[in-house]
Amino acid sequence: MQGKLTVDPSNQISKIDDRVYSALIEHLGRAVYDGLYNPGNAKSDENGFRQDVVKAVKDLNIDLIRYPGGNFVSGFNWEDSVGPKEDRPTRLDLAWRSIETNQFGLHEFMKWTKQTGTRPDMAVNLGSRGIDAARNLIEYCNFPGGTYWSDLRKKNGADKPFNIKTWCLGNEMDGDWQIGHKNAEEYGRLAHETAKVMRLVDPDIDLVVSGSSTREMATFGSWEETVLDHTYDDVDYLSLHRYYGNEENDLHNFLAKSVDFDEFIGGIVSVCDAVKARKHSDKTINLALDEWNVWYHSHKQDDEATPWQQAPHLLEDHYNFEDALMVGTMLITLLKHADRVKIACLAQLVNVIAPIMTDDNGVWLQSIFFPFMQVSKYGRGVALAPKQESATYDSKDFKDVPYLDSLAVYNQEDGEVVVFAENKGEDAMDFSTDLRDLKAKEVVEATQFYGYDIKQTNEDQTMAIQPNNDVHLDGNVLSTTLQPLSWNMFRIKVSD
Ligand code: AHR
């Protein structure tokens, strides 16, 4: 099999926004309690923050942390989570049928973001609550002082405002599972009014309005149109969520779902631009893909879970090697849309459909950790439009799927082109990259992730990225072999 990627430095998609390497942390299962916060554990510091988790989060170079949900936020009273811990109420979390103690709250979260070098992306509750709770929360977080809520923040230990820049107007409001689910008209109106008061408190914030939860929603497309009709001038980003699974145990159809992902993102871009045209607007709405991942392994177990536990084992997918390939192809796909996808949150980060897992002894890294870590570390710069040649295959749901999925990122600051390439086929592929006008000087690093049984998981921590020592640079052409079912990265020093 042959595969070729031609890269032209003048043919750029866009600069990649650092915020595409973000993640969701929700009060759900063992994400917060046990995961982030585990007082008394030998690995925790004086705040109760697991330091092994902090290190793993730093290794992933995460930018924003979307918080506190997810579905959880639609039943959450943020006031419960501030003030002396002994006074905080224990509540029923109806979204996940769990017990929420509120021992980890807003101030703890802000402290944790500082430790991990991340930034908050805060969601407000537009399910069970609305405008009033949102305006009070933003006053608490962002107003300097001299008012009831800002002074309460000071009293609770944070003299300086948190200055949270990015805010989500609710979560998955189109879904009937959501507490306080609304139709598009109802939500659009509420989002507009909430955005208005939030900006009155702090005009400098960025706002994300909720789009479709999945492409399969009956309201997909029309939801976005109606919601944007109400909020186009108020918001900066429209959210979209996408999870994939391999329920039918069909590897090639599973990996081909990146085609659906690509069409989903492209479709939403078209809807945003149709509203823009209809409104004769100069403003462009960009996308916040603020939940994406593989999610399906834990569904059955979660259906049988006992309700009303504290920090129950929920959504604990153990990811295998084919899931890592799926996350790799999803990463390449979202970078292909770098011109419009400006925020993307891997959902989630710790213990719940997560790359990082904890037990009492420490952290273990899932298979999906590895491609995410590489793209997040080296996928910085400008995404170059990929011109690709590859054989294709047909799967159950998709036609003409290229075996090769590849993309190059030009990091001008470091004088480096980084190529990410996945071989979805079961045969080795002769692969070459032509760098055209960029003068290739040397290959700084070449790695491959392959050779595991597609169903192998990583509890025993044996998975690792390996070097690829069979790479040749001839003028501006890099050639190598992509192993069957492999994830690959090549870093090439270049000059203009
Ligand atoms: O990430 C898990 C859940 O998936 C989130 O709470 C919700 O927003 C989505 O349905």
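Q: Which residue of β26 does D474 stand opposite?
A: In this predicted model, strand β25 pairs with strand β26 (residues 477-482) in the antiparallel sense, over three bridges. Within β26, the residue opposite D474 is V477.

Q: Which strands stand at the edges of the five-stranded open sheet?
A: The sheet has the order β17-β1-β22-β26-β25, and its pairing is mixed. The twist from one strand to the next averages 15°. An edge strand has a single partner, so one of its sides is left without a neighbour in the sheet; this applies to β17 (387-390) and β25 (472-474).

Q: Is strand β20 largely enclosed or left open by the rest of the structure?
A: On one side of β20, L404, S406, A408 and Y410 are buried, and on the other D405, L407, V409 and N411 are buried, so that both faces are covered. In a regular strand, side chains alternate between the two faces of the sheet. Because eight of the eight residues of β20 (residues 404-411) are buried, the strand is largely enclosed.

Q: Which residue of β20 is the bridge partner of A383?
A: Strand β16 (residues 382-384) runs antiparallel to β20, and three bridges join the two. The partner of A383 in β20 is V409.

Q: Which residue takes a positive phi in the hairpin of β20 and β21?
A: β20 pairs with strand β21 (residues 416-423) in the antiparallel sense, over eight bridges. One of the bridge pairs joins N411 to E416 in β21. Four residues lie between the strands of this hairpin, and the residue with a positive phi near 60° is G415.

Q: What is the distance between the end C-alpha atoms of helix α3?
A: Helix α3 (residues 131-142) has twelve residues, and at 1.5 Å a residue it should span 16 Å. The distance in the model agrees with this expectation, being 16 Å.

Q: Which elements do the buried residues of α3 pack against?
A: Nine of the twelve residues of α3 are buried, so the helix is largely enclosed by the rest of the structure. The buried residues are A133, A134, N136, L137, I138, E139, Y140, C141 and N142. Their packing partners are α2 (106-116), β7 (119-124), α4 (148-155), β8 (166-169) and α5 (184-201).

Q: Is N458 buried or exposed?
A: N458 lies in the loop between β23 (439-449) and β24 (466-467). Beyond its neighbours within four places in sequence, N458 is in contact with Y319, W364, L365, Q366, S367, F370 and M463. Because its relative accessibility is 0%, N458 counts as buried.

Q: Which residue's backbone nitrogen lies 3.0 Å from a polar atom of the N458 side chain?
A: N458 and I368, 90 residues apart in sequence, are 9.6 Å apart in space, C-alpha to C-alpha. The backbone nitrogen at 3.0 Å from the polar side-chain atom of N458 belongs to T462.

Conventions: Residues are numbered from 1 along each chain as its sequence is written. This is a predicted model: local features need pLDDT of at least 70, side-chain atom pairs count only at pLDDT 80 or more; totals for chains, interfaces and linings use all residues. Side-chain values use heavy atoms; hydrogens and water are left out. Buried means under 20% relative accessible area, exposed over 50%, partly exposed in between (1.4 Å probe, protein chains only). Contact means heavy atoms within 4.5 Å. A polar contact is a pair of N or O atoms within 3.5 Å; within protein, one must be able to donate a hydrogen and the other to accept it, and residues adjacent in sequence count only if both atoms are side-chain atoms. Two strands pair if DSSP finds at least two bridges between them. Axes are lines fitted to C-alpha atoms, for helices over the stretch in contact, and angles run from 0 to 180 degrees between N-to-C directions. The expected span of a helix is 1.5 Å times one less than its number of residues.
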